[in-house]
Amino acid sequence: MKTKLTLTVEKEIVEKAKLKAASRGISLSKMFE
């Protein structure tokens with residue numbers, strides 16, 4: 001079963017994480033999984 005999770009993270013960390021996920025061809029949510 002999947003459930004939604006809300007996190008509060010510094011904007012610069014989110015931006016870096018999005019770039020890393022994009023470089024892997026996946027979404028940030030998929031990378032977190």
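## Helices and overall shape

Helices here are DSSP runs of H or I with at least four residues, strands are runs of E with at least two, and both are numbered from the N terminus. By that count, the chain has two helices and zero strands. This is a predicted model, where local features need pLDDT of at least 70 and side-chain atom pairs count only at pLDDT 80 or more, while totals for chains, interfaces and linings use all residues. Residues are numbered from 1 along each chain as its sequence is written, and side-chain values use heavy atoms, leaving out hydrogens and water.

Along its principal axes, the C-alpha trace spans about 25 × 25 × 5 Å.

## The largest pocket

Rolling a probe the size of a water molecule over the atoms shows where empty space is left. On a 1 Å grid over the protein atoms alone, a pocket is an open set of points where a 1.4 Å probe fits, with protein on both sides within 12 Å along at least five of seven lines; lining residues have an atom within 4 Å of a point. Grid points are joined across faces, edges and corners, and the volume is the space filled by probe spheres set on them.

The largest pocket holds about 440 Å³ of space. It has 14 lining residues, and L5, L7, L28, S29 and F32 are the closest to its centre. Two or more lining residues come from each of α1 (11-23) and α2 (28-32), with α2 giving the most, four residues. The lining divides into nine nonpolar, two polar and three charged residues; Ala, Val, Leu, Ile, Met, Phe, Trp, Tyr, Cys and Pro count as nonpolar, Asp, Glu, Lys and Arg as charged, and the others, Gly among them, as polar.

Buried means under 20% relative accessible area, exposed over 50% and partly exposed in between, with a 1.4 Å probe and protein chains only. Of the chain's 33 residues, 6% count as buried.

So where does R24 sit? R24 is in the loop between α1 and α2, and R24 is exposed because its relative accessible area is 54%. Its C-alpha atom is 23 Å from that of T6, 18 residues away along the chain. K20, by contrast, is found in helix α1 and is partly exposed, at 45%.
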